[in-house]
Amino acid sequence: ALNRAAALIELRQFDEAGRTVREAEGYLGILEERDALALLKTYEGQRQMGLGHWHRAKAAWEEGLAALRTFGSPADLAVTLKQVGEFYLRHGDVDEGRARLLEARSLSRKTGNDALLKETDGLLARLEGTPNPRPPT
């Protein structure tokens, strides 16, 4: 259900994605899979963004991120922070986007996810207008 919801959102089929997200929430709620429910909440944020409901999108993302911080893996949280950071930047909310990207970068380092670190650094570099935003280590 998670993969289906993500695919439908990528295809911009937001109504169908909404039904899939609600169905998956029901199944995962029964199983008490809090980390997966957190990811679903961030998918709901993407869906709301696609529907043009920015404030709803932000609320869903922040709820999902808070749950991931508590119940999710650092790797899942890092990827999701990068994605949400990008959404904020696309919407023009630079401060919120930068904050999510900086947190994603920190977690990427801690988890050793070099590919995500490179992506995050690239986004931050474009944001800052510098070739490499990494502080000296």
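Arg 47 is buried, its relative accessible area being 9%, where buried denotes under 20% relative accessible area, exposed over 50% and partly exposed in between (1.4 Å probe, protein chains only). The residue belongs to helix H3, residues 34-50; helices (H or I, at least four residues) and strands (E, at least two) are DSSP runs numbered from the N terminus. Leaving aside residues up to four places away in sequence, Arg 47 touches Ile 9, Phe 14, Asp 15, Ala 17, Gly 18 and Arg 22, contact being defined as heavy atoms within 4.5 Å.

The model is predicted: local features need pLDDT of at least 70 and side-chain atom pairs count only at pLDDT 80 or more, while totals for chains, interfaces and linings use all residues. Residues are numbered from 1 along each chain as its sequence is written, and side-chain values use heavy atoms, with hydrogens and water left out.

The protein chain as a whole contains seven helices and zero strands. Of its 137 residues, 37% count as buried. Among contacts with a separation of 6 or more, 46% are between residues 24 or more positions apart. The chain exposes about 7,600 Å², of which carbon and sulfur atoms supply 50%; accessible areas come from the Shrake-Rupley method with a 1.4 Å probe, and for residues only the protein chains shown count as cover.

An aromatic cluster joins Trp 54, Trp 61, Phe 87 and Tyr 88 through ring pairs. Rings of Phe, Tyr and Trp (its six-membered ring) pair if their centres lie within 6.5 Å; planes under 30 degrees apart count as stacked, over 60 as edge-to-face and the rest as tilted. By this rule there are four aromatic pairs. Trp 54 and Trp 61 make an edge-to-face pair, at 5.3 Å centre to centre and 75 degrees between the planes. Trp 54 is buried at 12% relative accessibility, and Trp 61 is buried at 0%. The pair of Trp 61 and Phe 87 is stacked, because the ring centres are 5.2 Å apart and the planes lie at 10 degrees. Since Trp 61 lies in helix H4 (residues 54-71) and Phe 87 in helix H5, this pair ties together parts that are 26 residues apart in sequence.

Helix H7, residues 114-128, has 15 residues and should span 21 Å at 1.5 Å a residue; the end C-alpha atoms are 20 Å apart, which agrees. The expected span is 1.5 Å times one less than the number of residues. Buried residues of H7 include Leu 116, Leu 117, Thr 120 and Leu 124, and their cover includes helix H5 (74-91) and helix H6 (94-111). Just after H7, Gly 129 adopts a positive phi of about 70 degrees.
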